[in-house]
Amino acid sequence: MALAEIVAWASLRRRPARTLFSILGVAVGIAVVVSIAVVDRTTLQNARPDRAQGWRADLEVRPAPGVVDPAAELAAIVGVERFTEVLQGEAQLQGVDDGGQPAGERAQARLIGLEPAAFDMGLLRLRSGTALGAANGGAPEVLLGAPLADRLGLDSGDAVWLAPPARAARVDCVEGALVQQRPAGPGPTPTEFRVSGVLEAEGAGRIASGELLVVDVSAARALLAGQFQPSSFWLARDERVAPEKLQERLVANFAVDLRRGAIVGQQADEVAFRNGVRLAGLLSLALGLYVIFHTLSMSLVERAREMATLQALGASRGQIARIVFSEALVIAALAGAVGLGLGLLLAKAMLEAGISSLGLTGDVRGQFDVPWDEVVPLVLAGVGIALLGSVAPLLRARENEAVPLLRGEDPGAASGKPGRGARSFHVATLLLVVAALPMAFFLALPLVGEAERQLIGLVLLGLGVLALLIGTPLLVPGPVAVLARSLADPLRRLSPFSGLLAARSISLSPTRVAASAAAVALVTAAFVGLRGMTSSLALENENWVQEGVMGKLWVYQLGGVPWQPLAQELRAQGLVQAVEPLDARLSAPFRVVGLPVAELAQAGLLAERPDLAARLSSAPSLVISRRLASQKNLRVGDQVAIATPSSGVVPFEVLAIDDRHGYLNRPHERAYAFAASTHMARLFCLETERSDTLALVLAPGADPLAVAEATKTYLRERGLGSDKTGFGLASDIATHERNDITRDFVVFDVILLLALLLAGTGVLNGLLLAAMERAKELGVLRALGADFGQIARSVLLESAFIGIVGGTLGLLLGLGLVPVVVSSLRVLSGLDLPQPGLQAIYLLGPALALGISVLGGLYPLWRMGRTDPVRAVRTG
Amino acid sequence: MTGQQTKPFGRADAPALLVRDLFKFHGPPGEEVGVLRGVSFQMERGEFLCIMGPSGSGKSSLLHLLAGLDQPSAGHIELFGSSLAEMAQRERTLLRRQAVGYVFQFFNLLPNLTVEENVGLPLAIRGQRPEHHQERIAALLTRFGIEDRARALPHQLSGGQMQRTSIARALVGEQPLLLADEPTGNLSQAHGIEILETLRRVCDEDGRSVLLVTHNPRDAAYADRVAFLVDGQLDPDHMLHGPGLTAQSVHEALVALHI
Ligand SMILES: Nc1ncnc2c1ncn2[C@@H]1O[C@H](COP(=O)(O)OP(=O)(O)OP(=O)(O)O)[C@@H](O)[C@H]1O
Ligand SMILES: [Mg+2]
């Protein structure tokens, strides 16, 4: 065997505990990040099954009236990557025989006119043939949907005739009435087209079940002349821009239909959540690598004398570096493999438990998608940094520092007073942790959406705090030493001998103690920060629950009963103040419910503000919920353009921001708005007299169960309702929504737990190395008559010291972190998050810190108990 | 120990060691203590030189300087014609690897390596494979009576066994200069004699040079020449050599010098 193998292998094999815990430290760090990447990818792939069929462009918009050149407007909007004008109508299709005469079956199909950009947007996939070419003199070209082409026996190169339909049968809503639209102008004249290709039955090729003709937009305009043509645009969004942001920019000139299903994980709140998971991952990674770095570098300090001996025997620095490197390579590579395996297992377990990067959901159960493109670089980064951590201390070893070690001086004594070399080493650690690491991390796992820019300041702030935390004790071990000295007296009083030993050990290696304490502090801070975040979310939720949920009763699946008589009856019984029929609603651009103004005027917002009632009735206008206002960045006085079937785009003015009316729990959506039902009926032909779903605004003091009984009686007596009719209690909904937050944040708790494990490993490694470093000293003490209990107490005192210092620092840091976390979440999610005050639960953080530190002291203790004092004294 | 060295190491006409006006100060700036204050001597190839001196007189410090492990505060050291001061660190390392075998006062065995692995270390450092030189290693272990401890780890050894391992490690590389810092301090009479006879043979048969530091007049008597390090200098007047060099004469010199 060569030198490197002899020495490295011997040290790995004959120090199994050190090897094992080093591997464990690195592996857990890697496992955390790997599991986050896997869970996130799996979540995105599976959380919404409709994602796979999301055939449409990211957004469909219609220009508002008065916009002269919509294409130019769109081109100028940041976040619109590509777009195509879309014309849709119906057309007739017939094959052409060799003689140029129409032959075979005639079919009617959906005609779509698109610009060439549609092909770049990936909306169309060809099964055969080529994309639409420029009509260069010859016949214009057409693409056929696969079922249509198969049925008519047509393929690329065939000639076809296209004509407008004999009658365009179309029903539209005009001023509250459904009207048959008939085309004006002359009868259809067929035009000859050449089939340039057949579309795959995916993407836009699924429109109209594939009974589809796609032509250039100009050809479509000619064919559809005289037909009702809503001109619209399909947009491809720049991935880096959040859909909500884009929508905000579009809303001035366009009516927007956001295709929610097509972009799972891209909604603002989802983005916030996923980014939160990623940041938590970053934290664990930082912590993991910090632990790795210190474990490996401390173990080298311990072995400084060996290295000095090798130098004295003529080993060059290169040879020594190779020894250390081979050893680190084995540790890092094994840790990489173990970490990868552990991470995949962990991800599997999390997914099985329904934990996704979007909270708890059953959608991910049984799913498992490994993003190797992210996982492999992450594992390699972990391995790389572990290698760096082990090699870095070598760089500072200088030849003439070897002599004191060869003379038998204690390496621990040398590390107690870090010289310039040690200091620059810590600066390097620091830079690595706070700069290189996040960069590497975000390269591998970029934050979702447009958040980067807004977040960067906050992330930097957070990292600054982190740097301060890690940096201060490392660069200035003085404070730790001073703290230890000032603690020495009380400790000694606590236990004269053990206290003295602990205080000495702390003040002799302040760097090691500070590093362990910093790791503990980091987890504590994360715990406090996370609790602050959930408290804030809970508070925000609570505010909404009080306004939008409490004091109401929901009735579902009535089967379309006239709601007014019911309202009168319940009001007469003194049970109900007002009734909100919730069925007259739109879902684009967001949920808008048409509510009867006269009914709402009985209680709540409109009772307080009669002026609003008047304005809601007089013109199309909205009252929007706070969540909607902050998500869409809407203010009172803003105009929201909403596309109507026949009246073009109608501007709705935002009159007020209020949560009290319009919340519907099935499906749950906190971004909602209401308009006067009269306008909804007129513009969208929605049914407003009968309703399937009601929200009853209860009279003060009314018992919801009694109201439910009364409602049931009313329905029964008149033979209304159905056996499916059900009730939703405000208290149930409130509880559900409250629990939702806690449940969703389980994923953070899991990550935190892992981080805690890491910090514990760090403390353990530190104390273990210290125990080995001091094996001789401890052996001598035992030989001089100190019993194991005394030494054990000193180790526990030291680990408690680490826990208390780390916990206190972490608590303070966490308290500073909470406002940062909350405001970054506010930016990310568009939620109107309040700053939580001091929470009692924060104190659990330092308590956990103390617990994990003391636990970390147990193994080294056990090891010391097993150390043979004779052997310790004999070791030269 | 496998016959005469065929080619002389370094510059053929140069002595094994040349030291001129060597100074070494220890301690923080401003409070330096001069340990070596103008040491000069020369050592021929194949010579066995012994340096004696009171505890703390700077003997170990001198050996560290000669091996290029430490930097002198002033002065000149030449090993086989090469001046240490003019060499880069890497060259010094290579010279040490090729030319110097070192027995440390405090053994400095690698705690994770067995006795035979520790002994094979200088070969491995040169890029040779110790398993190809198993016979040479085994012969050394047998000569020093530790062949049955070949697979033991250092903490399983007695002090004398550690010392003998350390000496075997210094000899295995067959370097032309051997620096031995109190190699017999922990050894019984018989083992001490075995070591000294080995060192004597190394000079006589292989033409290698040995610099021995010891407190023991009996050991010193094996040398060709004995020098005394007193007050930071090697006193040329009290150098012992030739037929007058016996354990008795060394003892008398020590008494005379109050060592
Ligand atoms: N790094 C150092 N810093 C300060 N003083 C030192 C240092 N190294 C050695 N000394 C001092 O230099 C003097 C010479 O030390 P050295 O080890 O060379 O003595 P020695 O002659 O080998 O003694 P011994 O026979 O006891 O081994 C001693 O007084 C020692 O305290
Ligand atoms: Mg000495």
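How many residues of chain A are in contact with residues of chain B? In this predicted model, 32 residues of chain A are in contact with 33 residues of chain B, contact meaning heavy atoms within 4.5 Å. Ligand 1 lies between chains A and B.

**Basis of the model**
- Residues are numbered from 1 along each chain as its sequence is written, and chains are lettered from A and ligands numbered from 1 in the order in which they are written.
- Local features need pLDDT of at least 70, side-chain atom pairs count only at pLDDT 80 or more, and totals for chains, interfaces and linings use all residues, while side-chain values use heavy atoms, with hydrogens and water left out.

**Interface of chains A and B**
- About 3200 Å² is buried between chain A and chain B, and carbon and sulfur atoms give 56% of that area; buried area is the accessible area (1.4 Å probe) that two parts lose on being put together, summed over both.
- One salt bridge is found across the interface, a salt bridge being a side-chain nitrogen of Lys or Arg within 4 Å of a carboxyl oxygen of Asp or Glu.
- This salt bridge joins B:Glu117 and A:Arg14, whose closest N and O atoms are 3.2 Å apart.
- The side of chain A that touches chain B divides into 13 nonpolar, ten polar and nine charged residues; Ala, Val, Leu, Ile, Met, Phe, Trp, Tyr, Cys and Pro count as nonpolar, Asp, Glu, Lys and Arg as charged, and the others, Gly among them, as polar.

**Surroundings of ligand 1**
- Ligand 1 is surrounded by 15 residues, each with a heavy atom within 4 Å of the ligand; the closest are A:Arg407, B:Ser55, B:Lys59, B:Ser60 and B:Ser61.
- An N or O atom in the side chain of B:Ser55 is 2.6 Å from an oxygen atom of ligand 1.
- For B:Gly58, a backbone N or O atom lies 2.9 Å from an oxygen atom of ligand 1.
- In B:Glu182, a polar side-chain atom lies 3.3 Å from an oxygen atom of ligand 1.

Conventions. Polar contact = N/O pair within 3.5 Å; in protein donor to acceptor, adjacent residues only side chain to side chain.
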